[in-house]
Amino acid sequence: MVDQRRSPAGAEGLQRRRFLGYLLAAPTLAVAARLGADTLDPPAASAAIPSPPEPSDLLDLGDALTLAALPTSGLIAIQVNRDDTVSFAVPRAEVGQGITTTVAMLIAEEMDVPLDKLRVTLADARPELMFNQLTGGSNSVRALYNPVRAAAAIARARLLSTAASQWGVPVSTLTVQNGVISGSGRSATFGSLAEAAASGRTEQVSAQPKDAAKFKLVGTPQTRIDAHDAVTGKKQFTMDLQIPNALPAMVCRPPTIGGTVKSVANLAAVKAMPGITDVAVISSGVAVRGKTITHCIDAVRALQVNWGPGTVDGESDQTVLDKLKAATLPLAVPPVLTSSIEADFVFAFASNSALETNCAVADVRPDSAEIWSGLKSPITTQEQIATMLGLPVTAVKVHVMQGGGSFGRKLFGDAAMEAAEFSKKIGKPVKLMWHRTDDFRHGRAHPMSLSRVRVNYALGNVVSYEQRHTSASTDFGHGLGELLTAVAAKLPVGGLGFSETVFELSQSMPYNFGVTTQLLNEVPLKFNTGSMRNVYSPNVVCARELIVDQLAAKMGQDPLAFRRSFFKDDRFRAVLDKVAQAGQWGRQLPAGMAQGIGFHAEYKSCSAVLVEIDCRPETVNRKVRDGVTGPRVTKAIMAVDAGLPINPRGLEAQMMGCINDGIGLALTASLHIDKGLPLEGSWDNFFYTRQWNTPPEVEIHVMPANGEPGGAGELGVASSFAAVACAYARAVGKMPTSFPINHGTLGFEPLPRVPSIPDSPTDGLSYVS
């Protein structure tokens with residue numbers, strides 16, 4: 001559900017200045033943008049015991065990403081073509097979040113050109129962009145909003161001035177509608193003016209942006225520009241490419257994470273198998289190349305490899321948990337003259353596997369390399385491949401493909417690195433794809449964590465809130481670490497490490513809970529980890545919101561009323577009130593069913609979620625196709641305030657995905673670590689939210705526009721997770737402290753560890769591209 005009302009508030013700051021940019025030397029009109037940074041003001045607190053501003057209130061992770069990208073934000077170009085189309089290569093990855101549609105809408109709005117005239121593609125890796133080609137932290141719209149508008153506004157102004165000059169009339173007498181300039185009885189399309197408007201040299205120009213109150217397209221629900229291709233099978237992903245002589249390839253992987261090849265007993269015999277063209281040992285295992293994927297699978301199964309030890313061979317869920325408990329930082333504020341609530345919350349490893357498994361195409365020659373893959377940090381991958389191959393970065397061309405999902409996974413170029421290494425060894429192009437089992441067992445995972453919370457309260461107020469979040473280490477070797485180093489002097493966090501900096505810039509406290517400290521400590525275990533969707537927030541916020549419910553109960557208050565009274569910001573109250581009204585908070589439900597609410601603010605945005613859960617025995621014990629039983633979320637209501645929602649329909653879709661993420665994290669989705677390897681080896685094993693526990697009632701309420709765009713792609717995961725956890729606690733009468741709820745029950749027979757591609761009935765699901 002979308003509230004179509006819009007406010008011009010978001011444009012107030014921009015109307016006091018003009019956009020600056022450049023006309024680029026080109027055969028038809030090409031425009032780039034130049035912008036400066038805006039100031040950031042923390043919200044004021046108003047409760048009885050206000051909390052001082054936290055680092056994320058002053059400068060959040062999205063601000064840091066935008067700040068790092070600012071020096072190169074003008075190195076983007078909008079091209080007006082002779083056929084009346086407008087082209088733009090987005091320096092971000094499209095992995096299903098809809099960024100190409102959002103950018104197309106911004107350009108179409110600012111230029112007054114039909115949306116179907118936009119040709120938005122993905123830019124190849126461009127080292128000169130530095131930190132401006134990293135997709136993550138729900139930052140793409142925030143970072144691109146002003147630069148893209150600037151370039152579009154300047155292009156429109158240049159076309160108008162060109163028409164005015166040709167016709168000998170003032171620009172003020174001309175109008176633009178649907179890409180056609182009219183005035184003085186004449187008209188001309190943008191395409192017909194594109195060549196005349198082009199500049200023979202690069203020169204600085206300026207233009208006035210459109211008043212947000214006059215937006216006609218931005219803020220209205222639009223179908224994605226790639227929707228038709230997606231549903232008809234025309235959309236091109238990496239494995240759809242037909243690169244000359246690039247044959248399928250796969251890798252036989254070790255039985256533990258990080259294991260290495262000591263020897264291969266039957267290398268020659270496997271190479272002689274029907275359909276197999278090449279076999280070679282690479283860093284991550286033994287790679288095979290064959291005429292078809294089926295030939296590759298047969299070869300991987302046939303390989304007899306003597307494996308060396310991995311990096312975490314002795315680790316299991318329990319050993320990791322023991323290490324986390326031992327490494328948890330001490331709480332500092334004792335409950336002196338106050339009452340106290342203290343609890344530990346444990347969150348299992350979780351896979352961030354996307355529907356599209358890791359894949360890449362590589363063609364490595366003696367003096368050059370060309371790579372195709374869905375990459376969210378293509379510059380880092382380009383640098384890593386160049387170093388591995390011993391080539392200059394300029395000799396490595398990386399094409400960013402549209403990705404079939406990411407959840408943080410495609411920040412890493414693991415498949416591209418493997419494909420490049422294999423291609424170099426055999427001197428032939430390869431089309432490498434990970435098997436589904438490899439994706440779950442050797443792919444990136446969100447690390448196990450433990451969150452310890454202590455809250456001291458007295459006389460109806462919260463005096464202090466402490467949270468000590470301890471996690472297996474998260475790998476930020478995908479470019480974010482370099483980015484944070486580059487802007488370190490401007491970050492309000494002191495000399496923290498990468499992970500701690502990300503934590504401090506992303507974790508904020510929306511409540512006035514007195515003295516508040518949230519600290520991260522990591523245990524350096526060498527699992528394959530990564531920053532899954534919403535990074536630290538789902539676990540941190542779930543623990544916090546459960547404690548908030550406990551506080552409300554101790555103080556004899558309704559959970560919703562308690563949150564409202566301690567919120568720092570009226571925006572927070574507005575989204576909470578919206579879900580309470582839409583979801584009929586407090587309505588009577590049968591025993592074993594309950595409502596729960598969760599709230600999260602991040603990326604200059606906020607979301608509230610109300611869910612209803614059914615934990616009655618007849619629901620928990622019901623029979624379902626995949627053999628998993630448990631509670632079911634029957635209703636989910638979300639309200640989201642993302643500042644200015646460019647495309648409310650796209651925002652709704654993202655929030656629906658966030659709800660399903662939250663349900664999975666709370667109830668069913670986790671990895672079980674045993675002897676250095678996840679036991680999960682397919683979607684049959686990894687119980688992400690399924691049809692049987694997806695709520696039949698879902699409503700998304702997009703709040704009225706409020707300022708410039710905030711981040712949104714990951715915004716609803718933490719609030720959804722927390723709402724489900726709180727609902728479960730109320731339904732069963734006991735606060736859960738271990739997630740997901742069903743982690744203690746394995747629920748499946750693990751696939752064998754070797755060969756890395758098992759011969760099992762799940763294979764039909766495992767290697768579908």
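User: Which backbone nitrogen lies 3.0 Å from a polar atom of the side chain of Asp641?

Analyst: In this predicted model, that nitrogen belongs to Gly643, whose backbone nitrogen lies 3.0 Å from a polar atom of the Asp641 side chain.

User: And which side chain does the side chain of Asp641 join in a polar contact?

Analyst: That is the side chain of Arg571, and the polar contact between Asp641 and Arg571 is 2.9 Å.

User: Where is Asp641 found, and is Asp641 buried or exposed?

Analyst: Asp641 is found in strand β27, which covers residues 632–641, and Asp641 is buried, with a relative accessible area of 6%.

User: Switching to cysteines, how many disulfides does the count come to?

Analyst: The count comes to 0 disulfides. Cys359, for instance, is in no disulfide, and the nearest cysteine sulfur, that of Cys296, is 14 Å away. Cys359 is also buried, at a relative accessible area of 7%.

User: Which helices do Cys542 and Cys726 belong to in the contact?

Analyst: Cys542 is one of the contact residues of α16, and Cys726 is one of those of α21. Others that take part include Val541, Glu545 and Leu546 of α16, and Phe721, Ala722 and Ala725 of α21.

User: How do the axes of α16 and α21 cross?

Analyst: The axes of helix α16 (residues 537–554) and helix α21 (residues 715–732) come within 8 Å and cross at roughly 40 degrees, and the two helices are therefore oblique to each other. The crossing of α16 and α21 is right-handed.

User: What about α17 and α18, at what angle do their axes cross?

Analyst: Helix α17 (residues 559–566) and helix α18 (residues 570–582) have axes that come within 10 Å and cross at roughly 165 degrees, which means that α17 is roughly antiparallel to α18. Leu560, Arg563 and Arg564 of α17 make the contact with Arg573, Leu576, Asp577 and Ala580 of α18. Their crossing is left-handed.

User: Now the backbone: which residues does a cis peptide bond join?

Analyst: A cis peptide bond joins Phe739 and Pro740, with omega at about 0 degrees. Pro740 has its place in the loop between β31 (738–739) and α22 (763–766).

User: What phi does Asp84 have, although it is not a glycine?

Analyst: Asp84 has a positive phi of about 75 degrees, and Asp84 lies in the loop between β3 (78–80) and β4 (86–90). With a relative accessibility of 23%, Asp84 counts as partly exposed.

User: And Asn178, what is its phi, and is Asn178 buried or exposed?

Analyst: Asn178 is not a glycine either, but has a positive phi of about 55 degrees, and its place is in the loop between β6 (175–177) and β7 (180–183). Asn178 counts as exposed, because its relative accessibility is 52%.

Terms used. Residues numbered from 1 in each chain as written. Predicted model: local features only at pLDDT ≥ 70, side-chain atom pairs only at ≥ 80, totals over all residues. Heavy atoms only, no water. Helix = DSSP H or I, 4+ residues; strand = E, 2+ residues; numbered from the N terminus. Buried < 20%, exposed > 50% of the residue type's maximum accessible area, 1.4 Å probe, protein only. Polar contact = N/O pair within 3.5 Å; in protein donor to acceptor, adjacent residues only side chain to side chain. Disulfide = S-S within 2.5 Å. Axes fitted to C-alpha atoms, helices over the stretch in contact; angles between N-to-C directions. Parallel < 35°, antiparallel > 145°, perpendicular 65-115°, else oblique. Left-handed = near helix turned anticlockwise from the far one by under 90°. Contact = heavy atoms within 4.5 Å.
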